[in-house]
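Here is a short briefing on one structure. Look at the sequence and the model first, then read on.

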Amino acid sequence: MSPRKRHVLLLWMLVCSCATEAIEPISTSIAVGMAAALTGFLASYQNIFYYFNECCRPEWIYFNKTGLELDLQSKLFGQHIASRIILKAVTGFMNNNNPKKPLVLSLHGWTGTGKNFVSQLIADNIYKEGMHSSFVHMFTSELHFPHLSHFETYQAQLQQWIKGNVTNCGHSMFIFDEMDKMQPGLIDSIKPYLDYYEKLDGVSYRKAIFIFLSNAGGDGIIQAALDFWKAGRDREELELKDLETVLSVSVFNNKKSGLWHTSLIDKNLVDFFVPFLPLEYRHVVECAMADMEARGVRPDRNVADQVAKDVVYFPKTERVFSVKGCKTISSKLDYYT
């Protein structure tokens, strides 16, 4: 018999004994006192269970604004626009006890610029277990939706996954990676869950977070950054207004993107399109230094420079931006250290 069942049985026996000897005030008082003590123990037993087992409670889900701000400042390089948007969007949403809809972020940029990493930072500062939380769900197009012929099956599965997980915990997070490889139209199956409904079939989705990651729109972001560089302007002068319209239009009209002509954009359900700029040499050096520190190794600028010089840059002549951002830095450090 489980410990919890034994405690309940003992409590029941005490209550029964109270009924048979109710004429004895002293015995009755003792039994009632013991029953009250056991009732309190059982209540605390549940709290102890919550302490050791992840559940949808504040002990496991709480927003650390200071932590997210520090992480974005010290761990994400070359992304002043993304850092500012992410911090404001997540903070505003998490501090709102009654949001009107789920938070929907669409992160865009070339590979290695930090989209997946930012998703991890958000999870780390909301969920005690971070990306390992049972309330954080990652979908990858090539893994979860690989077959064109299974489109309708994927639609039904996606709806069931979202509904089932939000029913289990309203503060769930869903991350959709490789949106540029997803079948167009598939993501529209979850549109009702992202809309301004108070409840759907008794379930509220308003406290959930949806994050889309995509390389779509990356070319437009790169061109804008390159134009700034050619004009001799600092990349930090780039603002969201310089990219947002071009980004949303290019993503919406990209036939190879999972967001092509999607109702999520058409109905303005995406709260923020977040551009991730291509990384320069200095950012690659910073990535290498941070990676060494994360390994518990003293950061060595000479090693970081070696790694950065080994990265491929474009345009071919000017060598301004890293082709793969910081994506291969960790493996290159294995070679140099």
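Which residues does Asp 71 touch, not counting residues up to four places away in sequence? Asp 71 touches Leu 76, Leu 121 and Asn 125, where contact means heavy atoms within 4.5 Å.

This is a predicted model, in which local features need pLDDT of at least 70, side-chain atom pairs count only at pLDDT 80 or more, and totals for chains, interfaces and linings use all residues. Residues are numbered from 1 along each chain as its sequence is written, and side-chain values use heavy atoms, with hydrogens and water left out.

**Overall make-up**

- The protein has 14 helices and seven strands. Both are DSSP runs numbered from the N terminus (helices: H or I, at least four residues; strands: E, at least two).
- Of its 337 residues, 45% count as buried. Buried means under 20% relative accessible area, exposed over 50%, and partly exposed in between (1.4 Å probe, protein chains only).
- Among contacts between residues at least 6 apart in sequence, 73% join residues at least 24 apart.

**Helix H3**

- Asp 71 is found in helix H3. At 13% relative accessibility, Asp 71 counts as buried.
- Gly 67, Leu 68, Asp 71 and Leu 72 are buried in H3. Seen down the helix axis, the buried residues of H3 fall within an arc of 130 degrees, so they line one face. The arc is that of the directions from the helix axis to the C-beta atoms.
- These buried residues pack against helix H4 (80-94) and H5.
- Thr 66 and Gln 73 are exposed, on the face of H3 turned away from its buried side.

**Strands E2 and E3**

- Strand E2 (residues 136-140) is largely enclosed by the rest of the structure, because four of its five residues are buried.
- E2 and strand E3 (residues 173-177) run parallel, joined by five bridges. Two strands pair if DSSP finds at least two bridges between them.
- Val 136 has Met 173 as its bridge partner in E3.

**Pockets**

- The largest pocket holds about 870 Å³ of space. A pocket is an open set of points on a 1 Å grid over the protein atoms alone, where a 1.4 Å probe fits, with protein on both sides within 12 Å along at least five of seven lines; lining residues have an atom within 4 Å of a point.
- Its lining has 33 residues, and Gly 112, Gly 114, Asn 116, Phe 117 and Cys 326 lie nearest the centre.
- Helices H3 (65-75) and H5 (115-124) are among the elements that each supply at least two residues of this lining.
- The second largest pocket has a volume of about 170 Å³. Of the 13 residues that line the second largest pocket, Ile 61, Met 94, Asn 97, His 171 and Lys 207 are the closest to its centre.

**Backbone details**

- Phe 314 and Pro 315 are joined by a cis peptide bond, with omega about -10 degrees. Pro 315 sits in the loop between strand E6 (313-314) and strand E7 (321-322).
- Arg 319 lies in the loop between E6 and E7. Its phi is positive, about 50 degrees, although Arg 319 is not a glycine. At 43% relative accessibility, Arg 319 is partly exposed.
- Glu 178 also has a positive phi, near 60 degrees, in a residue other than glycine. Glu 178 is in the loop between E3 and helix H8 (191-194), and is buried with a relative accessible area of 17%.

Definitions and conventions:
Grid points are joined across faces, edges and corners, and a volume is the space filled by probe spheres set on the points.
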